[in-house]
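Subject: Structure for your files

Dear colleague,

Here is the structure I said I would pass on. My notes on it follow below.

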Amino acid sequence: MQFLSDLVHNPMIVAPAAGWVTAQFLKVLIYRLLNGTFRADRVFGSGGMPSSHSATVCALATAAGIEYGAQGPAFALALFFAFIVMYDAVGVRRETGEQAKLLNEMMEQFNNMSELFSDREQLKEFVGHSPLQVLVGALLGIVIAFVVCSLMR
């Protein structure tokens with residue numbers, strides 16, 4: 001039981017978890033406001049505004065910095081982990097989403113001409129993030145980490 005208590009009282013676990021949950025909730029809400037529909041895949045899905053990946057890793061890095069200082073190895077590891085995740089979200093993962101959009105359009109056109117692609121599922125287009133989505137997610141994670149760390153002291 002002590003282990004569970006330690007987990008919920010560890011700001012380096014609570015802050016990233018709160019960052020992820022908050023970003024996912026906002027992602028669903030923003031999608032609903034912009035498109036007028038609720039999509040269940042937005043609850044746990046990747047891509048969209050704000051980036052939950054960025055919110056999570058920035059909350060982790062910020063909490064590590066607050067708890068252990070900028071000189072500590074935990075902050076250094078979390079900071080570079082955050083850079084790698086955010087770079088990947090804007091780069092490789094975003095390009096994957098753009099390719100999925102193009103392939104889905106091609107499959108739809110081919111489907112109209114033949115039954116060859118009629119049984120294929122569409123590829124997921126919400127994969128990566130725009131730079132703005134990553135920035136907003138990062139700022140959200142940083143703010144949440146400050147809030148969580150101040151409440152847990």
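I start with lysine 27. Leaving aside neighbours within four places in sequence, this residue is in contact with Arg42, Gly45, Ser46, Gly47, Gly48, Met49, Pro50, Ser52 and His129. Please keep in mind that this is a predicted model. Lysine 27 lies in helix H2, and with a relative accessible area of 1% the residue is buried, because buried means under 20%. Its side chain and that of serine 52 are joined by a polar contact of 3.4 Å.

Overall architecture

The chain has seven helices and zero strands, so from the N terminus on the elements run α-α-α-α-α-α-α. Of its 153 residues, 34% count as buried. The accessible surface comes to about 9,700 Å², and carbon and sulfur atoms account for 68% of that surface. Among contacts between residues at least 6 apart in sequence, 71% join residues at least 24 apart.

Helix H2

Helix H2 covers residues 11-35. Does its length fit its residue count, or what span should one expect? At 1.5 Å a residue, its 25 residues should span 36 Å, and the end C-alpha atoms are 35 Å apart, which agrees. At the start of the helix, a side-chain oxygen of asparagine 10 reaches to within 2.8 Å of the backbone nitrogen of methionine 12. Just after H2, glycine 36 takes a positive phi of about 75 degrees.

The buried residues of H2 are Pro11, Met12, Ala15, Pro16, Gly19, Ala23, Gln24, Lys27, Val28 and Tyr31. An α-helix has 3.6 residues a turn, so residues three or four places apart point the same way. What covers the buried residues of H2? The cover includes helix H3 (41-44), helix H4 (52-68), helix H5 (73-90) and helix H7 (131-151).

Helix H1

Leucine 7 has its place in helix H1, which takes in residues 2-8. Its relative accessible area is 28%, and the residue is therefore partly exposed. Neighbours within four places in sequence aside, leucine 7 is in contact with Ile13 and Val14.

The salt bridge

The count of salt bridges comes to one. Arginine 153 and glutamate 67 form this salt bridge, with their closest N and O atoms 3.4 Å apart. The pair links distant parts of the chain, 86 residues apart: arginine 153 is in the segment after H7, and glutamate 67 is in helix H4. Arginine 153 is exposed, at a relative accessible area of 66%, whereas glutamate 67 is partly exposed, at 31%.

The surface patch

Leu132, Leu135, Val136, Leu139, Ile142 and Phe146 form a nonpolar patch on the surface. Together these residues have about 530 Å² of accessible area. One of them, leucine 132, has its place in helix H7. Leucine 132 has a relative accessible area of 52%, and because exposed means over 50%, this residue counts as exposed.

Regards

Terms used
Residues numbered from 1 in each chain as written. Predicted model: local features only at pLDDT ≥ 70, side-chain atom pairs only at ≥ 80, totals over all residues. Heavy atoms only, no water. Helix = DSSP H or I, 4+ residues; strand = E, 2+ residues; numbered from the N terminus. Expected span 1.5 Å × (residues − 1). Buried < 20%, exposed > 50% of the residue type's maximum accessible area, 1.4 Å probe, protein only. Contact = heavy atoms within 4.5 Å. Polar contact = N/O pair within 3.5 Å; in protein donor to acceptor, adjacent residues only side chain to side chain. Patch = residues over 30% accessible without salt bridge, like charges linked within 9 Å, V, L, I, M, F, W, Y side chains within 5 Å. Areas by Shrake-Rupley, 256 points an atom, 1.4 Å probe, with all protein chains shown as cover. Salt bridge = Lys/Arg side-chain N within 4 Å of Asp/Glu carboxyl O.
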